[in-house]
Amino acid sequence: MKFFIDTANLSQIKEANELGILDGVTTNPSLMAKEGIKGHEAVMNHYLTICEMVDGDISAEVVSTDFNGIVEEGKKLAAIHENIVVKVPMIKDGIKAIKWFSENGIKTNCTLVFSAGQAILAAKAGASYVSPFIGRLDDTGWDGLELIHQMRQIFSLQNYSTEILAASIRNPNHIIKCAEAGADVCTCPLDSILGLLKHPLTDIGLQKFLEDAKKFA
Ligand code: E4P
């Protein structure tokens, strides 16, 4: 399973990248706004900076909701860097645009996916990635991980080449469960990635080893 970081924060991207396990980055308009990035040029420059930091796919989301707008915006985003993946919302014009992008050699990530039916449409349209939001499903009383299992089964049976990109990750256990369920990619906040490092027995064991090491130093 590939690891993406789900943020537009450059220091968090740097920290995750320095771990040596990062395969890409996902952003969205809310994450960009959180960093205080304003204006077309600043937004484009920010995406370019991320592309220059991380050698992997970088999702940049369109804010248009009509076919022509999505295609025009997506073409400009894709022109920033060869690793840009155009992130397109799961709406009717979004599906048409994903089909257009796939026929024109532009990678896409279909976002805001909450059901297997939506995922099937995105895959049929030729999306490179489809992003089921598991945390947001859990928040509303549905089972986000069940959707990953269902999508894995369908995508494998149907031989879809679209990658399942588990998104809206809330904790380290979500990452483990996504790996178990066969997600191709998991995009995670830095805290959830770092959370995988932790176990109290590791801390206790290391403390003891370091104490004993002093005896033969
Ligand atoms: C996915 O690409 C989205 O950016 C993200 O995972 C949404 O997560 P949230 O529900 O924590 O906002």
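Helices are runs of at least four residues that DSSP assigns as H or I, strands are runs of at least two assigned as E, and both are numbered from the N terminus. The model shown here is predicted.

With those names in hand, look for Gly-126. This glycine belongs to the loop that connects helix H6, residues 116–125, with strand E6, residues 129–132. From Gly-126 one can look across to Asp-6: the two residues are 120 positions apart along the chain, and their C-alpha atoms are separated by 23 Å.

The residues around the ligand are Asp-6, Thr-26, Asn-28, Lys-87, Phe-133, Arg-136, Ala-167, Ser-168 and Arg-170. Sorted by kind, this shell holds 2 nonpolar, 3 polar and 4 charged residues. In Asp-6, an N or O atom of the side chain is 2.7 Å from a ligand oxygen. For Lys-87, the distance between a polar side-chain atom and an oxygen of the ligand is 2.6 Å. The side chain of Arg-170 has an N or O atom 2.8 Å from an oxygen atom of the ligand. On its own the ligand would expose 350 Å², and the protein buries 85% of that area. The space that the ligand takes up is the largest pocket.

Ser-168 sits in the loop between strand E7, residues 163–166, and helix H9, residues 172–181. Is Ser-168 buried or exposed? Its relative accessible area is 8%, so Ser-168 counts as buried. The backbone angle phi of Ser-168 is near 60 degrees, a positive value in a residue that is not glycine.

A positive phi also occurs at Leu-112, where the angle is near 65 degrees, again in a residue other than glycine. Leu-112 is found in strand E5, which spans residues 108–113. With a relative accessibility of 33%, Leu-112 is classed as partly exposed.

Strand E3 comes next. The strand covers residues 57–61 and includes Ser-59. Ser-59 has a relative accessibility of 2% and is therefore counted as buried. What joins the side chain of Ser-59 to that of Asn-109? The link is a polar contact of 3.1 Å. Glu-61 also lies in strand E3. A relative accessible area of 12% makes Glu-61 buried, because the limit for that class is under 20%. Glu-61 and Glu-73 are 12 residues apart in sequence, and the distance between their C-alpha atoms is 9.2 Å.

The last stop is helix H7, residues 134–139, where Leu-137 is located. Leu-137 is buried, at 8% relative accessible area. Between Leu-137 and Leu-147 there is a separation of 10 residues in sequence and of 9.1 Å in space, taken from C-alpha to C-alpha.

Technical notes. Residues are numbered from 1 along each chain as its sequence is written. This is a predicted model: local features need pLDDT of at least 70, side-chain atom pairs count only at pLDDT 80 or more; totals for chains, interfaces and linings use all residues. Side-chain values use heavy atoms; hydrogens and water are left out. A residue is near a molecule or strand if one of its heavy atoms lies within 4 Å of it. A polar contact is a pair of N or O atoms within 3.5 Å; within protein, one must be able to donate a hydrogen and the other to accept it, and residues adjacent in sequence count only if both atoms are side-chain atoms. Accessible areas come from the Shrake-Rupley method with a 1.4 Å probe; for residues, only the protein chains shown count as cover. On a 1 Å grid over the protein atoms alone, a cavity is a set of points where a 1.4 Å probe fits but cannot get out, and a pocket is an open set with protein on both sides within 12 Å along at least five of seven lines; lining residues have an atom within 4 Å of a point. A molecule sits in a cavity or pocket if more than half of its atoms lie within 2 Å of its grid points. Ala, Val, Leu, Ile, Met, Phe, Trp, Tyr, Cys and Pro count as nonpolar, Asp, Glu, Lys and Arg as charged, and the others, Gly among them, as polar. Buried means under 20% relative accessible area, exposed over 50%, partly exposed in between (1.4 Å probe, protein chains only).
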